[in-house]
Structure formats: C-alpha cells, structure tokens
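Thanks for coming, everyone. Please bring the model up on your screens, and we will walk through it together.

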Amino acid sequence: MAASNGLPFMVTPIASFDEPWAMTFLPDGRMLITEKPGRLLVVTQNGDVSRPVKNVPKVDYRGQGGLGDVVLHPDFKNNNLVYISYAEAGDNNTRGAAVLRATLELGDDGAAALTDSKVIWRQSAKVTGSGHYGHRIAFDANGFLFISSGERQKFDPSQDMKSNLGKILRLNDDGSIPSDNPFFDQGGITAQIWSLGHRNPLGLAFDAEGRLWNTEMGPLHGDELNLVKPAKNYGYPIVSNGDHYNGDEIPNHDTRPEFEAPKAYWVPSIAPSELIFYNGKVFPDWQGSAFIAGLKSAAIIRVEINGDTAKEVDRFDMGTRIRELEQGPDGAIWVLEDSKGGRLLKLTESTIQ
C-alpha cells in the first residue's frame, strides 16, 4: 500500500513486462502495451496478458532503440487503425525511427494481429548510433498526426531544415503532408516540419486548450518542458540550460532570445519521458496538471500550468525509473516502470488520510 511510503495515492501492481515502453487504452478498457525488444501485447486491467500480437514489424533492438509508442487513430472504433513507432535498421550499420499504420484485428479467442501495414514516416537520414529516437506519437483534435523525432545524438541535424531529425513533425493520418504546415512550400522533408531545435523529445501531449507540449532530455542537465508552436526554433544545440557531457558549456536560452525558451527546465536532470495532462475524477485536485514520467529521477513529476507558465509542484518518488504514464478510462493513472520486469501500476485515491 503506497500510502505507507508517503505517496498521496494507492499503488496497485497489475502485471510485469520485458522493458515496457508505451501503452494506450482500447475502447473496451483493455490496453495495448509495447515491449522494447519487439512485442505488442493486449492486456486487461486485471493483468491478463495476451499472446504477442502477430505481424509486428522487425525492430532494431539495441541501446535506446526497439519498439516504441502505440497510439489509436481518433476514429479507431470505426476503422481499427493503430500507429506504432519503432527503430528500424538501414544500410551500413545505420538505423532510424519509423511509424507504421496498421489495422488491428482482435479475435474472440484473445489472439490479435496487425494487417494492411504500411510505414507512413521515417527519420531521414538514417545514421549510426543507437540513441535519441524520440518517436512519440500524438493526434490533435482535428485528426492531425504529430511525431517527435530525436536528433540521434548528432547535434547538427536539429537545425538542418533538410533533415527531420531533432524536429516535431505534423502529418495527415495517412502520412501525407498538410498543405498548411509552416514550411509546406519548401517541399520535401522540410514540409513535414512543425518545429525544430529539439534534442530527444520523449513526451508529446495536448492540453485541454488543444496546445501541444513536449518534454525532452537536455544534454548534461537542462531537461525541458516546451510549449510547441509552429515554425518555432527551440535552439538545440546552439542553446541549452544544460552543458555537454564533456563539461563544455552551452550558452543558456536567455543569451539568444530569438530561440524559444522552455516553460520549465530542470537542473539537475530528471530525465523526462512521457507527458500527460490529467482531467480525471479520481484526483480532482490535479485536474489540468501535467504529469511527467521521470527516468533518472525515478519519479512522477506534477507540473501546474498557468497560461504560458509552468512550475513543478510535486515530485513523487517511485523508487525506480518511470517510462510511461496514461490516464485510464475511470480517471486512474496507469504507470509503466522502465526495466526488464518493469511493472504496470495503477494509481488510485488513497484511503489513508
């Protein structure tokens, strides 16, 4: 019972997984959960785990790469479309993130499969290394698809308009490019870009007003929560509130006002992963708050948003790296730990005062 650990909620372990990375709720209350080595699973709220979903794409599992996010199409009830991100291998020891759209077929016997699969987006270009894929997925209220793309630890691509690394991209649900994107007239990969100057954006979510926010890893400290606006440049690697791992200083955001500064940042690092905005009834005092999954900080961080400002107000020590957060259908907060044997946890109102 979590209240004995000083947490303001009850923590109920539900199931365990092999490096779980993401989850999303199906209309019937079950969840889809990804495991980084390459398995997609259907899981009930009681912890019953299906056989692996068939026809999941082959992933390049190493470092930070593998199977990533899973998100339902806004009209999933009618079209059964799902979107999955993952790391895929390229030529000459290169790799990059990709997003697959597929139909999810759910059998009465608990079996499930992906059909009519099509890769609708890829990082370009594929590069060496195995970090900073980003590859979070989110839909806005108008059905546009947003993808966060890490700079793959290569620095310069974040500012390169001919690359989609270090960017947040906006697409139609079929992977085509909306004609009102800010750089659409430039064509090619540039037309995909919604914002640039990002490092490793591992959280992507819309608030109740429909505004897009992201969390991203700073270098050595300087993790960020950004209010993401079209055509804006968030400055990496030219500016950061952190420094390079070798100790070399990077100018802070306030030295270059032409770049968008984060609405909140963290020194020392919290290593932010997923981001959600809470609007449920289980925790009424937290409605409107942002919650960030903390990896290095082994915590869930609550942030209050007031207009264009953001401030950490609570940090809940979970004792282990936290990869993913989702709000459940009844308003409970569901959590995935980040490890082999990482648990699925359900957070509900504490009965201990």
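Start with R152. R152 is buried, because its relative accessible area is 2%, and buried means under 20%, exposed over 50%, partly exposed in between, with a 1.4 Å probe and protein chains only. R152 sits in the loop between β10 (145–149) and β11 (167–171). Strands here are DSSP runs of E, at least two residues long, and helices are runs of H or I, at least four, all numbered from the N terminus. R152 is not a glycine, yet its phi is positive, about 60°. Its charged end sits over the ring of Y133, 4.2 Å from the ring centre. For that label, NZ of Lys or CZ of Arg must be within 6 Å of the ring centre and within 35 degrees of the ring normal.

A word on the source. This is a predicted model, in which local features need pLDDT of at least 70 and side-chain atom pairs count only at pLDDT 80 or more, while totals for chains, interfaces and linings use all residues. Residues are numbered from 1 along each chain as its sequence is written, and side-chain values use heavy atoms, with hydrogens and water left out.

Back to backbone and charges. R170 also has its charged end over a ring, that of F144, 3.8 Å from the centre. A231 has a positive phi too, near 70°, and is a residue other than glycine. A231 lies in the loop between β15 and β16. With 38% relative accessibility, A231 counts as partly exposed. Most residues other than glycine have a negative phi, and most peptide bonds are trans. Now two cis bonds. The bond from Y236 to P237 is cis, omega near 0°. P237 is in the loop between β15 and β16 (264–266). The bond from V267 to P268 is cis as well, omega near 5°. P268 falls in the loop between β16 and β17.

Next, aromatics. How many aromatic pairs does the structure hold? There are 14. Rings of Phe, Tyr and Trp (its six-membered ring) pair if their centres lie within 6.5 Å; planes under 30 degrees apart are stacked, over 60 edge-to-face, the rest tilted. Take F9 and W286. Their ring centres are 6.3 Å apart and the planes stand at 80°, so this pair is edge-to-face. F9 lies in strand β1 (residues 9–18) and W286 in the loop between β17 and β18 (290–294), so the pair ties together parts 277 residues apart in sequence. Are they buried or exposed? F9 is buried at 2% relative accessibility, and W286 is buried at 11%.

Then W213 and F277. This pair is tilted, 6.1 Å centre to centre with 55° between the planes. W213 is in strand β14 (residues 212–217) and F277 in strand β17, 64 residues apart. W213 is buried at 0%, and F277 is buried at 15%. There is a cluster, too: ring pairs link F9, Y278, F283, W286, F291 and F316.

The largest pocket holds about 1300 Å³. On a 1 Å grid over the protein atoms alone, a pocket is an open set of points with protein on both sides within 12 Å along at least five of seven lines; a cavity is a set where a 1.4 Å probe fits but cannot get out; lining residues have an atom within 4 Å of a point. Points are joined across faces, edges and corners, and volume is the space filled by probe spheres set on them. Of the 48 residues lining the largest pocket, F139, A205, F206, F277 and E326 are closest to its centre.

The second largest pocket holds about 360 Å³. It is lined by 24 residues, with Q64, H132, N200, L202 and M217 closest to its centre. β9 and β13 each supply at least two of its lining residues.

How many cavities of 30 Å³ or more does the search find? One. About 50 Å³ of space lies in the largest cavity. Its lining includes R199, M217, Y236 and H253.

Last stop, R323. R323 is in strand β21 and is buried at 10%. Among the residues R323 touches are W21, R136, L202, E274 and D338, leaving out residues up to four places away in sequence. Contact means heavy atoms within 4.5 Å.
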